[in-house]
Amino acid sequence: MLDKTQVERIAHLARLAVDEQDIPGYMRDLSNILALVEQMNTVDSAGVVPMAHPLEGKQRLRKDQVTEVDEREILQTVAPRVEAGLYLVPKVIE
Amino acid sequence: MHKHTLSEMSRGLRSKAFSSEELTRHFLTRIERHDPQLNGYITVTGELALERAREADRQLRAGTAGALCGIPLAQKDIFCTKGVKTSCGSHMLDNFIAPYDATTVERFNRAGMVLLGKTNMDEFAMGSSNETSYYGAVKNPWDLAAVPGGSSGGSASVVAARLAPAATGTDTGGSIRQPAALCGVTGIKPTYGRVSRYGMIAFASSLDQGGVMTATAEDAAMLLAVMAGFDARDSTSVDHPVADYTAGLGNSLQGLKIGLPKEYMEAGLDADTAKAVEAALDEYRRLGAEVIEISLPHTHLAVPVYYVVAPAECSSNLSRYDGVRFGYRCEQPKDLLDMYMRSRGEGFGAEVKRRIMVGTYVLSAGYYDAYYLRAQKLRRLIKEDFVQAFQKVDVIMTPTAPTAAFNLGEKVDDPVTMYLSDVYTIPVNLAGLPGMSIPVGFAGSRPVGLQIIGDYFAEERLLNVAHQYQQVTDWHRRIPEQFA
């Protein structure tokens with residue numbers, strides 16, 4: 001069973017603001033999901049090679065040549081705050 | 001006109017029985033009249049549709065039109081459509097107008113299909129009932145008190161009610177097949193890597209796959225022919241030749257070996273669902289097939305493995321939603337951390353947050369080996385079960401879902417109960433295999449689907465097997481009376 005501190009830590013790692021009143025609900029739901037996941041331990045998987053890709057795919061590589069075009073203007077039409085081609089965020093450096 | 005299949009529409013347009021504009025207006029009128037009851041559409045692109053229809057009519061008159069030119073299509077709101085709102089069913093992207101088209105959208109546009117609108121879906125494709133959408137739940141046209149299934153619930157619902165003759169969907173753990181089954185339509189999820197994921201908003205990158213929902217397998221074959229193919233812009237796209245999906249539809253099923261996994265016919269399966277599936281298997285025997293019992297011994301691990309892998313991958317994919325470059329940004333952020341926390345906390349719904357948190361936990365320091373790495377090992381065992389089975393049989397058939405559609409609100413309070421409705425579909429995504437669902441009857445007034453699973457890149461075979469059944473039965477032609 002996950003405790004309050006664990007849930008708060010996970011939420012922080014995931015950068016998710018969670019209301020104090022919602023924490024018990026998350027504790028319960030996350031614990032139930034992890035209990036479901038525990039069923040993985042009913043099987044011995046020693047010696048089995050992990051499978052990341054169903055078809056054993058390999059990352060395709062391409063030549064190190066510039067092929068993309070500058071689409072900043074159109075891509076920034078959906079930005080919350082932009083100025084002089086820069087994305088604006090709250091001040092980071094003190 | 002809405003009762004026509006895509007191939008009938010294609011012939012009708014060519015023979016000038018009707019124009020694309022008439023056909024499109026017909027569907028737009030139906031949407032206006034019926035969609036308020038279903039909530040299947042998030043955005044209806046009326047003006048754009050008529051523009052495209054008129055362009056299609058020009059091509060039809062000039063004789064330059066392809067087979068699908070002028071036929072309307074709905075796109076799940078997970079595919080980026082340039083200049084058109086693309087929300088992924090989420091508050092996070094409520095303000096997002098896609099600056100480019102997904103490859104799937106480009107391909108259907110090039111084929112001259114007419115975009116009717118973007119369909120409703122569970123938020124970020126996470127759900128099995130279309131109840132997690134920011135835009136409200138979708139209803140099942142067969143029973144408005146029932147869920148349509150998810151996450152492609154909007155697509156399934158609008159096709160079942162013929163508010164679109166076909167719709168795209170995506171499937172990560174069953175999100176095309178399960179809603180297809182619950183709404184009594186045909187759905188196909190191709191082999192992993194068959195259809196480009198470029199512009200298809202990512203949930204779980206090793207599981208996601210785009211596909212379609214239609215009334216018939218023949219229609220699905222026509223659409224898959226357009227969707228399938230290598231795309232250099234998707235690094236997981238497979239460069240495998242695209243078969244002629246319509247060519248093999250008429251092949252006889254004499255001698256076909258169908259595997260029935262015993263683990264799928266055990267306790268938890270609703271009796272009426274089992275009956276409909278058994279009746280379908282009898283039909284297949286009459287078509288010349290042999291049904292052989294097989295075993296997929298690691299089946300019980302699929303749901304636990306999926307609920308490690310999918311949340312882990314989603315926690316990574318959804319980390320891009322940070323209020324900086326696109327999507328929702330909270331009001332008056334105090335500092336950067338506050339902006340991240342509140343943009344994401346306010347922009348995402350509860351189920352999405354749950355899955356991000358599970359994913360974050362299983363990937364965190366100290367837990368990665370016990371959870372994610374272990375899940376990847378078990379994933380190989382699940383895949384191996386199928387590889388073994390396909391040495392003995394040509395296709396595998398199972399119920400698509402353990403029950404017919406459940407009621408709205410019935411499972412929303414317990415995530416784990418909801419997760420278990422995908423018990424039959426999830427293994428197929430873990431293995432990366434192609435799968436279909438076709439309607440084979442009813443449990444009471446709610447449809448039942450049969451899942452057909454094929455070997456890698458065997459979509460042609462799946463479509464043939466589905467099509468032959470649809471030549472001797474008529475479940476796939478039924479439309480709920482209120483929408484007929």
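**Where the two domains of chain B meet**

Modeller: In chain B, 28 residues of domain 1 are in contact with 22 residues of domain 2. On the domain 1 side of this meeting place, the elements that give two or more residues are α13 (415-419) and α14 (426-431) of chain B. The largest share comes from α14(B), with 3 residues. Sorted by class, the domain 1 side that touches domain 2 has 17 nonpolar, 9 polar and 2 charged residues. Please keep in mind that this is a predicted model.

The domain assignment of chain B gives domain 1 as 6-256 + 392-483, and domain 2 as 300-377. Their C-alpha centres lie 27 Å apart.

Now let us look at a pair of helices in chain B. Helix α9 (residues 302-317) and helix α11 (residues 350-363) of chain B have axes that come within 7 Å and cross at roughly 100 degrees. That angle falls in the range from 65 to 115 degrees, so α9(B) counts as roughly perpendicular to α11(B). From α9(B), the residues that take part are Tyr307(B), Val308(B), Pro311(B), Ala312(B), Cys314(B) and Ser315(B). They meet Arg355(B), Ile356(B), Val358(B), Gly359(B), Thr360(B), Val362(B) and Leu363(B) of α11(B). By class, this helix contact has 9 nonpolar, 3 polar and 1 charged residues.

Some loops of chain B also deserve a look at their backbone. The loop between β3 (114-119) and α5 (153-160) of chain B holds Ser151(B), and the peptide bond from Gly150(B) to Ser151(B) is cis, with omega near 10 degrees. Ala125(B) is found in the loop between β3 and α5 of chain B as well. Its phi is near 65 degrees, a positive value in a residue other than glycine. Is Ala125(B) buried or exposed? Ala125(B) counts as buried because it has 30 C-beta neighbours inside 10 Å, and 20 or more are needed for that.

Phe457(B) sits in the loop between β11 (446-453) and α15 (459-472) of chain B. Phe457(B) is not a glycine, yet it has a positive phi of about 60 degrees. Phe457(B) has 20 C-beta neighbours inside 10 Å, so it counts as buried.

Finally, meet the partner chain. Chain A has 3 helices and 2 strands, which follow the pattern α-α-α-β-β along the sequence. Chain A has a radius of gyration of 22 Å, whereas a compact globule of 94 residues would have one near 12 Å. Its C-alpha trace spans about 55 × 45 × 25 Å along the principal axes. Of the 94 residues of chain A, 14% count as buried.

How many residues of chain A are in contact with chain B? There are 40 of them, and they are in contact with 55 residues of chain B. The elements that give two or more residues to this side of chain A are α1 (4-13), α2 and α3 of chain A. Here the largest share, 7 residues, comes from α2(A). The side of chain A that touches chain B divides into 30 nonpolar, 7 polar and 3 charged residues.

One last stop is Asp64(A), in the loop between α2 (23-37) and α3 (72-75) of chain A. The C-alpha atoms of Asp64(A) and Val37(A) are separated by 42 Å, and the two residues are 27 residues apart along the chain.

Conventions. Residues are numbered from 1 along each chain as its sequence is written. Chains are lettered from A and ligands numbered from 1 in the order in which they are written. This is a predicted model: local features need pLDDT of at least 70, side-chain atom pairs count only at pLDDT 80 or more; totals for chains, interfaces and linings use all residues. Helices (H or I, at least four residues) and strands (E, at least two) are DSSP runs, numbered from the N terminus. Two residues are in contact if their C-beta atoms, placed from the backbone, lie within 7 Å. Ala, Val, Leu, Ile, Met, Phe, Trp, Tyr, Cys and Pro count as nonpolar, Asp, Glu, Lys and Arg as charged, and the others, Gly among them, as polar. Domain bounds come from an automatic or database domain assignment. The radius of gyration is taken over C-alpha atoms; the globule rule is 2.2 Å times the number of residues to the power 0.38. A residue is buried if 20 or more other C-beta atoms lie within 10 Å of its own, exposed if 12 or fewer, and partly exposed in between; C-beta atoms are placed from the backbone. Axes are lines fitted to C-alpha atoms, for helices over the stretch in contact, and angles run from 0 to 180 degrees between N-to-C directions. Angles under 35 degrees count as roughly parallel, over 145 as roughly antiparallel, 65 to 115 as roughly perpendicular and the rest as oblique.
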